[in-house]
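Load the model in a viewer and keep the selection tool at hand. The stops below say what to select and what is there.

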Amino acid sequence: MGKPRPLSPHLTIYRPLIGSYTSILHRAVSAALLGGLGFLAAWLLAIAQGGALFDAFSALWGSIVGKVMLFGWTFCAFFYAAQWIRHFAWDMGYGFDLDTARLTGRLALIGSAVASVLVWLYIAMRAG
């Protein structure tokens with residue numbers, strides 16, 4: 001056998017930057033939103049059918065697990081929208097310099113978290 005091929009340094013040398021995290025999170029958020037659409041469709045079918053299936057969904061959404069899922073989907077929706085705005089700006093030719101890309105990545109993450117908390121605080125206040 002010849003000389004062994006060099007291995008890619010991957011994460012041992014290169015550290016991930018904010019762009020890496022937002023890219024990976026964007027893909028995960030897309031998958032979570034797709035899963036959420038499945039739950040939404042099932043919930044609408046449960047509303048149409050009524051009875052025990054509707055009661056089961058009501059119990060799910062009222063539980064801690066259901067509320068965590070709903071909060072997560074809220075974050076996903078805000079983050080997806082923030083990323084869409086970033087990508088639209090990039091398509092227009094803006095925001096490619098490294099400092100701006102880092103700033104908008106952080107703003108997307110922090111803004112999505114803050115917006116999600118504010119929405120759920122509003123919901124909690126309305127519920128009494």
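**End of α5**

Select G128 to begin: this residue follows α5 and has a positive phi, near 90°. Helix names here refer to DSSP runs (H or I, at least four residues; strands are E, at least two), numbered from the N terminus. The model is predicted: local features need pLDDT of at least 70, side-chain atom pairs count only at pLDDT 80 or more, and totals for chains, interfaces and linings use all residues. Residues are numbered from 1 along each chain as its sequence is written, and side-chain values use heavy atoms, with hydrogens and water left out.

**Helix α5**

Next, select residues 98-127, which are α5. At 1.5 Å a residue, its 30 residues should span 44 Å, and the end C-alpha atoms are 43 Å apart, which agrees; the expected span is 1.5 Å times one less than the number of residues. Colour A101, G105, A108, S112, A115 and S116, the buried residues of α5. Buried means under 20% relative accessible area, exposed over 50%, and partly exposed in between (1.4 Å probe, protein chains only). These buried residues pack against α2 and α4, with contact meaning heavy atoms within 4.5 Å.

**Helix α4**

Now select residues 64-91, helix α4. The 28 residues should span 40 Å at 1.5 Å a residue, and the end C-alpha atoms are 40 Å apart, so the two values agree. Buried here are G66, W73, T74, F75, C76, F79, A82, Q83 and R86. Their cover includes α2 (18-49), α3 (51-62) and α5. After α4 comes G93, with a positive phi near 95°.

**G66**

Zoom to G66 in α4. Its relative accessible area is 0%, so G66 is buried. Leaving aside neighbours within four places in sequence, G66 is in contact with L60 and W61. Draw a distance from G66 to L7: the C-alpha atoms are separated by 44 Å, and the residues are 59 apart along the chain.

**R86**

Stay in α4 and select R86. Show the backbone oxygen of A101: a polar atom of the R86 side chain lies 3.1 Å from it. Beyond four places in sequence, R86 is in contact with T22, A101, T104, G105 and A108.

**Aromatic pairs**

Finally, show the rings: the whole structure has 7 aromatic pairs. Rings of Phe, Tyr and Trp (its six-membered ring) pair if their centres lie within 6.5 Å; planes under 30 degrees apart count as stacked, over 60 as edge-to-face and the rest as tilted.

- F75 and F79 are stacked, 5.9 Å centre to centre with 15° between the planes. They are separated by about one helical turn because they are 4 residues apart in α4.
- W84 and F88 are stacked at 5.4 Å centre to centre, with 5° between the planes. Both lie in α4, 4 residues apart, about one turn of the helix. W84 is exposed at 53% relative accessible area, and F88 is partly exposed at 44%.
- F39, F57, W61 and W73 are linked into a cluster by ring pairs.

Notes
A polar contact is a pair of N or O atoms within 3.5 Å; within protein, one must be able to donate a hydrogen and the other to accept it, and residues adjacent in sequence count only if both atoms are side-chain atoms.
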